[in-house]
Amino acid sequence: QVQLAESGGGLVQAGGSLRLSCGASGSIFSINTMGWYRQAPGKQRELVALITSGGMTTYSDSVKGRFTISRDNGKNTVYLQMDSLKPEDTAVYYCKSRITARIGRPDDYWGQGTQVTVSS
C-alpha cells in the first residue's frame, strides 16, 4: 500500500509565501516524477509543477518565477515553495507521484489535497 500525505496549506495575504510538503510512504520500490496540481472552485484540475527523479523541473506559465518545486529523494518527499502569492492562486493543491510499489508496476498516486487561500 502506497500513500501520499500533504501538509502546509493555509490562509495567507497576497504577496505572502507558503510551503507545501508531500511525503510518500508504504511499500515503495522507486519514485519517478513527482508533481503538484491545483483545482479552483468551478475549474478543472491543472498542472502547477513537476520534478523528475533526476531533478528536472517544469512549471505552468502562471506560476513560473514565483513557485519552486524540489524533492528530497531520501525522504520520498516533494515540496512546493510558493512566493508572491496572488488571489488567483487560491485552490486545493494536490500532489501526484508516479511510484513503483515493491510488488507491482508503476502507477500514479494522488494525495488528499490541501487548501491554499490567498486573500487580497
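These legends describe close-up views of a predicted model. Local features need pLDDT of at least 70, side-chain atom pairs count only at pLDDT 80 or more, and totals for chains, interfaces and linings use all residues. Residues are numbered from 1 along each chain as its sequence is written, and side-chain values use heavy atoms, without hydrogens and water.

**View A. The largest nonpolar core holds 30 residues.** Such a core joins buried Ala, Val, Leu, Ile, Met, Phe, Trp, Tyr and Cys residues through side-chain atoms within 4.5 Å. Buried means under 20% relative accessible area (1.4 Å probe, protein chains only). Residues with the most contacts inside the core include Trp-36, Phe-67, Met-82 and Tyr-93. Strands (DSSP E runs of at least two residues, numbered from the N terminus) supply this core: S1, S3, S4 and S5 are among those giving at least two residues each. S9 gives the largest share, five residues.

**View B. Met-82 and its contacts.** Contact means heavy atoms within 4.5 Å. Beyond neighbours within four places in sequence, Met-82 meets residues including Leu-18, Leu-20, Phe-67, Tyr-93 and Val-116.

**View C. Side chains alternate along S1.** Val-2, Leu-4 and Glu-6 point to one face and are buried. S1 pairs with S3 in the antiparallel sense over six bridges; pairing requires at least two DSSP bridges. Ala-5 stands opposite Gly-23 in S3.

**View D. Arg-71 is buried without a salt bridge.** A salt bridge puts a side-chain nitrogen of Lys or Arg within 4 Å of a carboxyl oxygen of Asp or Glu. Arg-71 lies in S7. Asp-72, the nearest side chain of opposite charge, is 8.3 Å away. The Arg-71 side chain reaches the backbone oxygen of Ile-51 at 3.2 Å and that of Thr-52 at 3.0 Å.

Key. Buried < 20%, exposed > 50% of the residue type's maximum accessible area, 1.4 Å probe, protein only. Helix = DSSP H or I, 4+ residues; strand = E, 2+ residues; numbered from the N terminus. Lys, Arg positive; Asp, Glu negative; His and termini not counted. Polar contact = N/O pair within 3.5 Å; in protein donor to acceptor, adjacent residues only side chain to side chain.
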